[in-house]
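Me: I'd like to learn how to read a few features of a model. Can you walk me through them, starting with the terms?

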Amino acid sequence: MKEIYLLRHGDTEATEKGFFAGWSDVPLSPKGERRIKKLQQSLLKGVSFERVFCSPLLRTLQTARILVPDADVEIAPEIKERSFGSWEGKSWEELEKEHPAEVLEWKKDPLNFTPPGGESFREVLSRVDSFWHKLMKVENGRYLLVTHAGVIRCFLVKAMDIEFASTFRVLLDPGVLVKIGFNYEEFPRVELIQNSGV
């Protein structure tokens with residue numbers, strides 16, 4: 001059996017204050033560190049992984065170091081967060097006030113809209129698709145990917161064969177764990193585990 005664990009990094013100033021971080025290297029906040037330590041000591045206690053892949057951004061690297069301190073972490077640029085370009089550091093409310101037409105366009109077409117100087121989610125989905133195919137070729141076992149909400153949404157598209165816009169119905173808080181299991185069925189099974197209470 002093959003199991004892929006997708007972990008969103010812990011809390012940061014961006015998640016706590018509600019602004020887009022994208023490729024900006026924001027560190028974990030104290031709350032984020034507590035959340036990941038709790039995960040290590042509870043839901044993932046005693047769980048081992050064949051390989052650990054991590055986005056190259058600081059918040060994911062810190063998350064991986066707390067969660068699996070002895071693991072040989074492999075950096076995977078394919079699972080890096082979406083770049084929000086010049087919109088990084090801004091909140092949704094600021095964008096609605098400063099760029100109302102562009103925000104409306106984003107709401108209408110979340111897959112193809114590209115922030116100024118950034119990436120569309122279609123581009124991120126292409127990166128994830130490439131990595132998904134790599135994962136399908138590895139041997140059975142458990143694999144951990146420490147990544148971001150946008151990337152996890154792209155994995156949900158692959159695993160559940162759904163439209164990208166439908167993934168926004170799924171709440172992906174900091175520290176959320178999504179487990180995708182492959183057994184002998186025709187389709188993967190997806191389990192969502194929220195890591196709350198910190």
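Reply: Buried means under 20% relative accessible area, exposed over 50%, and partly exposed in between (1.4 Å probe, protein chains only). This is a predicted model, where local features need pLDDT of at least 70, side-chain atom pairs count only at pLDDT 80 or more, and totals for chains, interfaces and linings use all residues. Residues are numbered from 1 along each chain as its sequence is written, and side-chain values use heavy atoms, with hydrogens and water left out.

Me: How many salt bridges does a search of the whole structure find?

Reply: Side chains of opposite charge can pair when their charged atoms come close. The cut-off is a side-chain nitrogen of Lys or Arg within 4 Å of a carboxyl oxygen of Asp or Glu. Searching the whole structure gives ten salt bridges. One of them joins R127 to E119, at 2.9 Å from N to O.

Me: Are R127 and E119 buried or exposed?

Reply: R127 has 17% relative accessibility, so it counts as buried. E119 is buried too, at 11%. For E98 and K90, the closest N and O atoms of their salt bridge are 3.1 Å apart; E98 is partly exposed at 41%, and K90 is partly exposed at 22%.

Me: And how many disulfides does the count come to?

Reply: A disulfide is a covalent bond between the sulfur atoms of two cysteines. With the rule of two cysteine sulfur atoms within 2.5 Å, the count is zero. For C54, the nearest cysteine sulfur is that of C154, 17 Å away. C54 is buried, at 0% relative accessible area, and C154 is also buried, at 0%.
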